[in-house]
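Hello,

Here is the structure I said I would pass on. Please have a look at it first; my notes follow below.

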Amino acid sequence: QVQLVESGGGLVQPGGSLKLSCATSGFTLDYYAMGWFRQAPGKEREGVACITHSGAETTYLDSVKGRFTISRDNLNHTAYLQMNTLKPEDTAVYYCAKGTGPYCSGHYSPYWGQGTPVTVSS
């Protein structure tokens with residue numbers, strides 16, 4: 001079965017950086033786009049970034065463009081989200097997601113890990 005395990009979150013000061021990891025299993029990672037979502041307290045889940053199956057193309061939420069970078073290592077079955085210049089408004093629980101196909105269509109399979117919390121505060 002599909003399993004997604006997020007890690008790497010924590011407490012960081014504004015302007016700092018974190019790198020999140022998403023360890024995957026139960027499917028052929030090379031065939032699917034991968035995305036990152038986040039959910040802040042009192043807000044709905046929002047898509048943050050997506051990367052195509054090969055890593056050739058990426059898309060980002062406007063508010064994180066230039067600061068966040070999504071990447072993947074298919075051989076190690078892992079997706080990543082490098083977050084730089086973090087802002088308090090980035091505070092949320094971050095989740096990775098498996099796409100329904102190879103490209104960033106905006107459609108994801110209903111498999112969610114436990115998420116990893118990110119808190120940006122001074």
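**What was found**

In the hairpin formed by β7 and β8, four residues lie between the strands, and His77 takes a positive phi near 55°. Please keep in mind throughout that this is a predicted model.

Strand β8 (residues 78–83) is mostly covered, with five of its six residues buried. The charged end of Lys19 sits over the ring of Tyr80, 4.7 Å from the ring centre.

There is also an open sheet of six strands, in the order β2-β10-β9-β4-β5-β6, with mixed pairing. Its edge strands are β2 (11–12) and β6 (58–60), each of which pairs on one side only. Inside the sheet, strand β9 (residues 92–98) and strand β10 (residues 116–120) run antiparallel and are joined by three bridges. Val93 of this pairing stands opposite Pro117 in β10.

Next, the aromatic residues. The structure holds four aromatic pairs. One of them is Phe27 with Tyr32, edge-to-face, at 5.8 Å centre to centre and with 80° between the planes. Phe27 counts as buried because its relative accessible area is 15%, under the 20% limit. Tyr32 is partly exposed, at 23%. Tyr32 has a further contact: Lys98 lies over its face, at 3.6 Å from the ring centre.

Another pair is Tyr95 with Trp112, also edge-to-face, at 6.1 Å centre to centre and with 85° between the planes. This pair links distant parts of the chain, since Tyr95 is in strand β9 and Trp112 is in the loop between β9 and β10, 17 residues apart. Tyr95 is buried, with a relative accessible area of 13%, whereas Trp112 is partly exposed, with 37%.

Last, the charged pairs. How many salt bridges does a search of the whole structure find? The search finds four. In one of them, Arg38 and Asp90 have their closest N and O atoms 3.0 Å apart. Arg38 is in strand β4 (residues 34–39) and Asp90 is in the loop between β8 and β9, 52 residues apart, so the pair links distant parts of the chain. Both partners are covered: Arg38 is buried, with a relative accessible area of 6%, and Asp90 is buried, with 0%.

Asp90 also forms a salt bridge with Arg67, where the closest N and O atoms are 2.7 Å apart. Here too the pair links distant parts of the chain, with Arg67 in the loop between β6 and β7 and Asp90 in the loop between β8 and β9, 23 residues apart. Arg67 is buried, as is Asp90. Salt bridges with shared partners join Arg38, Glu46, Arg67 and Asp90 into one network.

A further salt bridge is that of Asp62 with Lys65, with the closest N and O atoms 3.0 Å apart. Asp62 is exposed, with a relative accessible area of 61%, and Lys65 is partly exposed, with 48%.

Regards

Methods:
Residues are numbered from 1 along each chain as its sequence is written. This is a predicted model: local features need pLDDT of at least 70, side-chain atom pairs count only at pLDDT 80 or more; totals for chains, interfaces and linings use all residues. Side-chain values use heavy atoms; hydrogens and water are left out. Two strands pair if DSSP finds at least two bridges between them. Helices (H or I, at least four residues) and strands (E, at least two) are DSSP runs, numbered from the N terminus. Buried means under 20% relative accessible area, exposed over 50%, partly exposed in between (1.4 Å probe, protein chains only). Rings of Phe, Tyr and Trp (its six-membered ring) pair if their centres lie within 6.5 Å; planes under 30 degrees apart count as stacked, over 60 as edge-to-face and the rest as tilted. A charge sits over a ring if NZ of Lys or CZ of Arg is within 6 Å of the ring centre and within 35 degrees of the ring normal. A salt bridge is a side-chain nitrogen of Lys or Arg within 4 Å of a carboxyl oxygen of Asp or Glu.
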